[in-house]
Amino acid sequence: MRREHKYLASLFVSAALMAPLGALAMPRPQDEHERHEQEEREHRMYDPEYRDYHNWDNREDEMYRRWIAERHREYVSYDRLDAHEQREYWKWRHRQERHEEHEEHEHQ
């Protein structure tokens with residue numbers, strides 16, 4: 001009985017000491033602007049071809065899925081590709097972009 005009492009007492013003391021640490025670790029509430037900025041940072045992908053970052057929005061996701069389809073590959077999320085394949089995607093992506101700009105210029 002005495003061992004159980006010591007065990008429970010140490011358990012309560014440990015919990016009491018951990019509670020303030022848990023409160024510090026809780027994320028603070030964010031306003032809409034901060035939440036939007038955080039989401040943008042989380043969806044930015046590095047482009048080694050141009051050495052910059054791109055927002056991974058619906059348009060980029062659509063282009064990525066097109067790249068996968070043209071290569072007859074099973075869908076794998078971009079961030080799971082190895083570095084070589086990420087570079088291949090961006091090379092293809094920039095060729096597509098230049099092609100689209102050229103077509104727009106011809107149609108004007």
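Accessible areas in these notes come from the Shrake-Rupley method with a 1.4 Å probe, and for residues only the protein chains shown count as cover.

**Entry 1: the model and its overall figures**

I worked on a predicted model, in which local features need pLDDT of at least 70, side-chain atom pairs count only at pLDDT 80 or more, and totals for chains, interfaces and linings use all residues. Residues are numbered from 1 along each chain as its sequence is written, and side-chain values use heavy atoms, with hydrogens and water left out.

I looked up the total accessible surface of the protein and found about 9,300 Å². Carbon and sulfur atoms hold 52% of that surface.

For secondary structure I took helices (H or I, at least four residues) and strands (E, at least two) as DSSP runs, numbered from the N terminus. The protein has four helices and two strands, in the order α-α-β-β-α-α from the N terminus on.

I then checked burial, where buried means under 20% relative accessible area, exposed over 50%, and partly exposed in between (1.4 Å probe, protein chains only). Of the 108 residues, 17% count as buried.

For contacts (heavy atoms within 4.5 Å), I considered pairs at least 6 apart in sequence; 45% of these join residues at least 24 apart.

**Entry 2: the nonpolar core**

A nonpolar core is here a set of buried Ala, Val, Leu, Ile, Met, Phe, Trp, Tyr and Cys residues joined through side-chain atoms within 4.5 Å. Which residues make up the largest nonpolar core? I found eleven: Met45, Trp56, Met63, Tyr64, Trp67, Ile68, Tyr78, Leu81, Tyr89, Trp90 and Trp92. H3 and H4 are the elements that give two or more residues to this core, and H3 gives the most, with four. In soluble globular proteins, nonpolar side chains tend to be buried together.

**Entry 3: aromatic pairs**

The criterion pairs rings of Phe, Tyr and Trp (its six-membered ring) if their centres lie within 6.5 Å; planes under 30 degrees apart count as stacked, over 60 as edge-to-face and the rest as tilted.

I examined Tyr64 and Tyr75: their ring centres are 5.9 Å apart and their planes stand at 75°, so this pair is edge-to-face. The pair links distant parts of the chain, with Tyr64 in helix H3 and Tyr75 in the loop between H3 and H4, eleven residues apart. Tyr64 is buried, at 1% relative accessibility, whereas Tyr75 is partly exposed at 39%.

I next examined Trp67 and Tyr89, whose ring centres lie 5.5 Å apart with the planes at 75°; the pair is therefore edge-to-face. This pair also links distant parts of the chain, Trp67 being in helix H3 and Tyr89 in helix H4, 22 residues apart. Both Trp67 and Tyr89 are buried.

Leaving out residues up to four places away in sequence, I listed the contacts of Trp67 as Arg73, Leu81, Glu85, Glu88, Tyr89 and Trp92.

I noted one aromatic cluster formed by Trp56, Tyr64, Trp67, Tyr75, Tyr78, Tyr89, Trp90 and Trp92.

I also looked for charges over rings (NZ of Lys or CZ of Arg within 6 Å of the ring centre and within 35 degrees of the ring normal). Arg65 lies over the face of Tyr75, at 4.4 Å from the ring centre.

**Entry 4: the loop between H3 and H4**

I placed this loop between helix H3 (58-70) and helix H4 (83-107), with Ser77 in it. Is Ser77 buried or partly exposed? Ser77 has a relative accessible area of 22% and is therefore partly exposed. From C-alpha to C-alpha, Ser77 and Tyr64 are 9.1 Å apart in space and 13 residues apart in sequence.

His72 lies in this loop. I recorded for His72 a positive phi of about 55°, although it is not a glycine. His72 is exposed, with a relative accessible area of 75%.

Asp79 has its place in the loop as well, and is exposed at 52% relative accessible area. Beyond its neighbours within four places in sequence, Asp79 is in contact with Met45 and Gln86. Asp79 and Met45 are 34 residues apart in sequence, and their C-alpha atoms are 8.2 Å apart in space.

**Entry 5: His94**

I found His94 in helix H4. Its relative accessibility is 2%, so His94 counts as buried. Not counting residues up to four places away in sequence, His94 touches Asp47, Glu49, Tyr50 and His54.
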